[in-house]
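I opened a notebook for this structure and went through it one topic at a time. The entries follow in the order in which I looked things up.

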Amino acid sequence: MNDIVLEAKDVTRTFMISGGFMQAKRPLHAVNGVDLRIRKGEVLALVGESGCGKTTLAKMLLGLLPPTSGSLELDGTPIETMDRLRVAQTVQPIFQDPYSSLNPRKSIGSIITLPLKVQGDNDPSTWRKRVDEIMELVGLPRRVYNNYPSQLSGGQRQRVAIARALINRPRIVICDEPTSALDVSVQSQILNLLQDLREELGLAYLVISHNLAVVEHMATRLAVMYLGRIVEEGDADTLFRTPKHPYSKALLESVLTPDPSLGVPDTHLGAAYPNPLDMPSGCRFHPRCVNAMPHCSAVAPRKIPVGDGHVECHLYDENEGKLAS
Amino acid sequence: MATKSDSKRVLEVSRLNVEIPVPTGMLRPVQNVSLHVDRGETLCVVGESGCGKSLTSLAIMDLLPSKAKRTCDHMLLSGDSVFQIGERAMSDIRGDRMSMIFQEPMTSLNPAYTIGNQLAEALQRHRKVSSDEARQRAIYLLEKVGITAAAGRLGQYPHQLSGGLRQRVMIAMALMCGPDLIIADEPTTALDVTIQAQILHLLADLQREFQMGMILITHDLGVVARIADRVAVMYAGQIVETGTAQQIFNTPEHPYTRGLLECIPIPGKTRRGERLGAIPGIVPSLVGHMQGCHFASRCPQVSNACRSATVELLPTKQPGHISRCLLTQSAGAETPQREGAAS
């Protein structure tokens, strides 16, 4: 289909980590062979525990970090052939913490105008008007134009961050924990705003969050990441209703819905998140998996197509790992 | 050591106030907060940032910043007063009969000492025990909180542990002296969801096993619903509603509680992309004295009376369920319960 705005093909990013004094550096595979597609108007949510590579992946999609191998395409053009300004026109980030992502010494007006300046917009006389429009769109009162970030509430700051991301009309917005730093009553306002903007501007979102209630509310597609790989991907409704991968199941079980008749769930997941420098053999999830079978520790699972997505688990592979032997 | 009373009541706080002088006047972040916890009971204090929930817990532990002044009618730990008993007596109680678990285990553990060292210190500060006994207790509790190969962990430093493990160590440390009361301030906020579920599961188990009272402070309504026996909702320095978890989540009385519950997307219930509820406006400043209901400026059901009357906690139709709202559908509205006796 033609409406794919962003595509990652077999993307890998390896960091070389110091192994200690007088020791060789060791590779850390933060992202390992990830395929992703975001279509126009879609909300893809990326979930997983900390350290699974979500943020590294997001940085690569923003063009801030080159992949070690694999390719990234924006609108069909490889990212590495585009200059930074063009990437920035298409993809924009919204970060978690609106306290540290806004320059405290710049006024709100100049924070939102800056992307226009950077892009060398050729008609400075329209800037003020465009800033006013975008501020109205994200629900910021005009009077804060000359204020500084310290004078705004957390929710208002996140609105400034959103306005700054949208002023150049990007096609994809990467929201890294967009509401984690906010209070519940403010969180709902920001979520409503993000939904409205998506419809109004036809944006696609990549939402990175550990708050699965938020993810279920927003996402149309869901990708579950574990130790640098996407272990399950699919339509959000299907995946939330019938998760296939044991890790997706455990992750969804740990969502605490506000229902006092249910107790605290017991996820049966071992506490030990593996050391990414020392990856488990075979399926990376096998040391914590309740369904682990003997061949899980020997053979890495293949991608099995499920619906319009995929899952990487031997439970759903008829070959039962015999393929590699 | 003071004798412990037989009563089930572990903590009773009546009309706690905290005042902090600020350049613009007197900040009153905690106002007339009364609460109680029984043995084996979990009270969740829930509210948004700045509502005074953390300061309430610090005031109970007498850990407020030195500028802050606290007053209360009484504060009883298992029947003994723990209000203004002097710093020395208080530090004997802190960590022994009541202990605290903080949000960020990385900053609350000392990075320069091994965890064995820090665990043993928690016990040896209060009890005359040999270091070997302290070590045995540490190993016993580390195993209780689900840390495998506990003996080997004692020589490790906090930076060598993951966030989940560090929080388990913090819990073990809080349990070293077998406290009557545990105050956990956002114990799982810094952790992953999977680890959060495990830690909450562990806290609930331990609390049942050791029959402690627990105050859990959080902003996460999901956590509250799953772990609380009773819930106190705080807004702008006051408790606005108290009741059992069922009462708060199924039949909330106060407009603020109802607003909060409408703000969160509920998997399976809220339709995707559906507009979530919102509470417009901002929290009022708590500097100086405020007239009327604190929530009046944001309340969808506000009336003129709300802006002038002092609103007390009123009993609802259900026993144990009280709400600070003039609209409260009260069983005995003609005899409003005095605030101090409530909760």
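Entry 1: In which sense do β4(A) and β5(A) pair, and over how many bridges? I found them antiparallel, joined by 2 bridges. I keep in mind throughout that this is a predicted model. Strand β5 of chain A covers residues 77-78, and its T77(A) is the bridge partner of L74(A). The hairpin that β4(A) and β5(A) make has 2 residues between the strands, and there I noted D75(A) with a positive phi near 50°.

I then looked up what else β4(A) pairs with. Strand β1 of chain A, residues 4-17, runs antiparallel to β4 (residues 69-74) of chain A, with 5 bridges between them. K9(A) is the residue opposite S71(A) of β4(A).

**Entry 2: the open sheet.** I listed the strands of the open sheet in chain A and got 8, in the order β6-β7-β8-β3-β9-β10-β12-β11, with mixed pairing. Its edges are β6 (91-94) and β11 (304-306) of chain A, each of which pairs on one side only. From one strand to the next, the twist averages 25°. I reminded myself that strands of a sheet pair through backbone hydrogen bonds, either parallel or antiparallel.

I picked one pair inside the sheet. Strands β3 (residues 43-47) and β8 (residues 204-208) of chain A run parallel and are joined by 4 bridges. L46(A) has I208(A) in β8(A) as its bridge partner.

**Entry 3: a helix across the strands.** Which strands does helix α9 of chain A lie across? I found β3, β9 (221-226) and β10 (229-235) of chain A under this helix of residues 246-253, which runs at about 105° to β9(A). I checked how covered α9(A) is: 6 of its 8 residues are buried. They are P246(A), Y247(A), S248(A), A250(A), L251(A) and L252(A). The cover includes β3, α7, β9, β10 and α8 (236-241) of chain A, and also α8 (193-210) of chain B.

**Entry 4: where the chains touch.** I counted 37 residues of chain A in contact with 41 residues of chain B. On the chain A side, α6 (184-201), α7 (212-218) and α9 each supply at least two residues. The most comes from α6(A), with 8 residues. By type, I sorted the chain A side into 18 nonpolar, 14 polar and 5 charged residues.

**Entry 5: the core.** The largest nonpolar core has 186 residues. Those with the most contacts inside this core include A45(A), L206(A), V224(A) and V233(B). Helix α7 of chain B, residues 163-175, gives the largest share, 8 residues.

**Entry 6: chain B as a whole.** Buried residues account for 48% of the 343 in chain B. Of the chain B contacts between residues at least 6 apart in sequence, I found that 63% join residues at least 24 apart.

Notes: Residues numbered from 1 in each chain as written. Chains lettered and ligands numbered in written order. Predicted model: local features only at pLDDT ≥ 70, side-chain atom pairs only at ≥ 80, totals over all residues. Pairing = 2+ DSSP bridges. Axes fitted to C-alpha atoms, helices over the stretch in contact; angles between N-to-C directions. Contact = placed C-beta atoms within 7 Å. Core = buried A, V, L, I, M, F, W, Y, C linked by C-beta atoms within 7 Å. Buried ≥ 20, exposed ≤ 12 C-beta atoms within 10 Å, placed from the backbone. Nonpolar A, V, L, I, M, F, W, Y, C, P; charged D, E, K, R; others polar.
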